[in-house]
Amino acid sequence: MTRLILRRLALLIPTLLGLSVLLFLWVRALPGGPATALLGERATPEAVERINQLYGFDRPLPQQYVTWLGQLLQGNFGVSTRTGRPVLDEFWVRFPATVELSLVALVVAVGIGIPLGYLAARHQGRLVDHAAVFTSLLGVTIPVFFLAFLLKWLFAVQLGWFPSTGRQDAAMIATHPTRFYVLDGLLTREWDASWDALVHLVLPALALGTIPLAIIARITRASVIDVQHADYVRTARAKGLSPAHVRSRVILHNAMLPVSTTIGLQVGLLLSGAVLTETVFAFPGIGKFLADAVFNLDYAVLQGFILLIAVVYALVNLAVDVSYGLIDPRTRTR
């Protein structure tokens with residue numbers, strides 16, 4: 001298992017280096033350039049030339065990249081032109097909000113998707129199966145932003161069951177030692193604050209978790225159907241094992257390998273999909289801040305946030321590979 005982890009970590013280095021090159025070139029190709037973003041309305045040709053000389057934007061691209069990469073390795077991701085604060089500080093302030101939202105969305109997706117896919121596989125060809133397949137297709141085809149607006153209009157505006165924006169009620173007085181609002185309320189025994197934060201997560205989590213739910217349900221269904229007809233399942237039944245033991249310990253356990261891969265990939269998609277969801281619900285996470293950076297041409301935030309999200313995504317994939325080895329020891333030698 002240790003060798004598996006070290007191999008995967010070694011593969012992360014060229015992956016992240018390649019991404020940094022593409023990201024650097026992409027930002028430099030955007031209209032206006034970093035100098036124009038820094039100067040804003042004062043971007044006269046003379047001022048742009050002075051900024052280019054001051055920050056080295058007039059140097060050859062390879063030299064600019066090496067300088068930028070050296071700053072990244074020192075933990076310097078630049079400064080936001082909109083807030084004037086370091087990009088890394090802005091990321092860590094908002095990252096807990098996005099993680100909290102993604103975790104709740106993932107709980108919804110896994111908690112409903114796996115049982116739904118398993119029930120569909122057990123009743124293959126029946127009404128339950130057709131209903132599950134139809135639901136999963138509907139969940140995949142509905143765009144995230146449209147579903148977010150629909151949930152917001154129905155349950156927040158029309159029915160008033162849930163708040164429509166924000167992460168917590170403005171009138172709520174609460175302390176946030178970890179910046180995970182639900183957890184903070186539990187740690188400080190501020191039950192009202194914890195409940196209020198959880199209520200604010202319901203609609204965004206439903207919108208964000210719908211597509212992963214549908215995908216997990218379909219993968220679980222296909223995997224269980226494939227496994228339950230395997231020879232070792234028939235052997236387990238022939239040995240006289242109870243149906244509950246065969247379903248839980250033989251079928252479901254072996255069907256979880258592709259499902260765990262899908263879940264791991266969905267975590268990365270949740271982080272990227274949070275941009276639209278957080279924008280609709282004005283949820284103060286990294287997605288909302290990244291969307292604002294696009295409109296404000298905040299190049300430092302664009303570079304830093306995308307790169308940091310990629311690092312998180314890569315670490316999630318590493319965790320998926322490790323789970324492979326835990327679920328199926330045969331994969332450790334591959």
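**Loop arginines and nonpolar cores**

Arg179 counts as partly exposed, because its relative accessibility is 41%. The model is predicted. Arg179 is found in the loop between helix 7 (144-158) and helix 8. Its phi is near 70°, a positive value in a residue other than glycine. Most residues other than glycine have a negative phi.

A positive phi also occurs at Arg189, where the value is near 60°. This arginine is found in the loop between helix 8 and helix 9. Arg189 has a relative accessibility of 65% and therefore counts as exposed, the cut-off being over 50%.

The largest nonpolar core has 48 residues. Within this core, Phe91 and Phe305 have the most contacts. Eight helices are named here as suppliers of at least two core residues each: helix 1 (2-29), helix 4 (61-73), helix 5 (87-122), helix 8 (181-187), helix 9 (191-228), helix 11 (243-280), helix 12 (286-295) and helix 13 (299-327). Helix 5 gives the largest share, with 11 residues.

The surroundings of Phe305 were then listed, leaving aside its neighbours within four places in sequence.

A second core is separate and has 12 residues. Among them are Val224, Ile225, Val233 and Ala255.

Terms used:
Residues numbered from 1 in each chain as written. Predicted model: local features only at pLDDT ≥ 70, side-chain atom pairs only at ≥ 80, totals over all residues. Heavy atoms only, no water. Core = buried A, V, L, I, M, F, W, Y, C linked by side-chain atoms within 4.5 Å. Buried < 20%, exposed > 50% of the residue type's maximum accessible area, 1.4 Å probe, protein only. Helix = DSSP H or I, 4+ residues; strand = E, 2+ residues; numbered from the N terminus. Contact = heavy atoms within 4.5 Å.
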